[in-house]
Amino acid sequence: MKIGNREFDTEKCTYVMGILNATPDSFSDGGRYSKVDQALFRVEEMLDCGMDILDIGGESTRPGFLPVHWHEECRRVLPIIEEVKRRFDIPVSLDTCKGEVAKMGIYAGVDMINDVWGLKFDESLAQVVGKEQIPCVLMHNRKEGVYGDLMEDIKSDLEESIAIAHEAGISDDKIILDPGIGFAKSYENNLEIIDKLDRLKQLGYPILLGTSRKSVIGLTLDLPVGDRIEGTLVTTVFGVLKGCAFVRVHDVKENVRAIKMTEAILKERKLL
């Protein structure tokens, strides 16, 4: 899969997507990187630690978040996107569910759209992505977290998102799927999804796993947001073992090392 000017081997490798929240209210790092100079410093840090792709967001999606108008979302992210693309050679993903924000982000240089609603929130978003022919992440989400067969329901919902993408002219080689850990899911749901990630591979698309510092880790270990690195690393290792192509994380250095170690063991196993 090509994202920006880089080719990603999504069948054999797991890549690290670094999180940059240009928001005042994100659950983990709200307000820390809302200014351009702060954001650029953080991007350079993550690049030095081995980040493969950068994900920039201008609206928090934490539980109880307050939605913002697309004008405000653009105000937060566009200056950062422009400077990142000017200074660094890194593919950039824009975390948004709004068509207007995506359109402006693409004009500013964004290489991929990451939609937490899987193209179901704003019908114009699919048209924007299809017209510009850039990759997109379709995350599983729904208004009510009520399931029969959890994994089959998630697969069915994601198939609906894939159908919307196809109708808008988005080809299969530009689609990544995300099971949506923490979105309309119970604690038990989240653990089950991580354990059964390989079942989503049956849909035939690269999988992105986003568990970094989330409540499933905090509840399991009874730890605050800032102390959830070890728990995140365990979920990342599971992601590698289950064939995920990307993990979306705050702590790049530690996750890069965990992936490298896991992949080395898997490579040796295949040689035996």
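The following questions and answers examine how descriptions of this predicted model follow from its computed values.

Q: Why is Thr262 called buried?
A: The relative accessibility of Thr262 is 9%. Buried means under 20%, so Thr262 counts as buried. This residue is found in helix α10, which spans residues 252–271.

Q: What makes the pairing of the Thr262 side chain with the backbone oxygen of Ala258 a polar contact?
A: A polar atom of the Thr262 side chain lies 2.7 Å from the backbone oxygen of Ala258.

Q: Which residues is Thr262 in contact with, leaving aside its neighbours within four places in sequence?
A: They are Val237, Val240 and Leu241. Contact here requires heavy atoms within 4.5 Å.

Q: Why is Glu152 called partly exposed?
A: Its relative accessibility is 35%. Partly exposed is the class between the limits of under 20% for buried and over 50% for exposed, so Glu152 counts as partly exposed. Glu152 lies in helix α5, residues 150–167. From Glu152 to Val256 the separation is 104 residues in sequence and 31 Å in space, C-alpha to C-alpha.

Q: What makes a set of residues a nonpolar core, and how many residues has the largest one?
A: The members must be buried residues of the nonpolar kinds listed for a core, joined through side-chain atoms within 4.5 Å. The largest such set has 63 residues, and Leu54, Val84, Ile113, Ile175 and Leu177 have the most contacts inside it. A second, separate core of twelve residues includes Phe8, Tyr15, Ile176 and Leu208. In soluble globular proteins, nonpolar side chains tend to be buried together.

Q: How many helices and strands does the chain have, and why is it called as compact as a globular protein of its length?
A: There are ten helices and ten strands. The radius of gyration is 17 Å, whereas the globule rule gives 19 Å for 272 residues; the two values are close, so the chain is as compact as a globular protein of that length. Along the principal axes, the C-alpha atoms fill a box of roughly 50 × 40 × 40 Å.

Definitions and conventions: Residues numbered from 1 in each chain as written. Predicted model: local features only at pLDDT ≥ 70, side-chain atom pairs only at ≥ 80, totals over all residues. Heavy atoms only, no water. Helix = DSSP H or I, 4+ residues; strand = E, 2+ residues; numbered from the N terminus. Buried < 20%, exposed > 50% of the residue type's maximum accessible area, 1.4 Å probe, protein only. Polar contact = N/O pair within 3.5 Å; in protein donor to acceptor, adjacent residues only side chain to side chain. Rg over C-alpha atoms; globule rule 2.2 N^0.38 Å.
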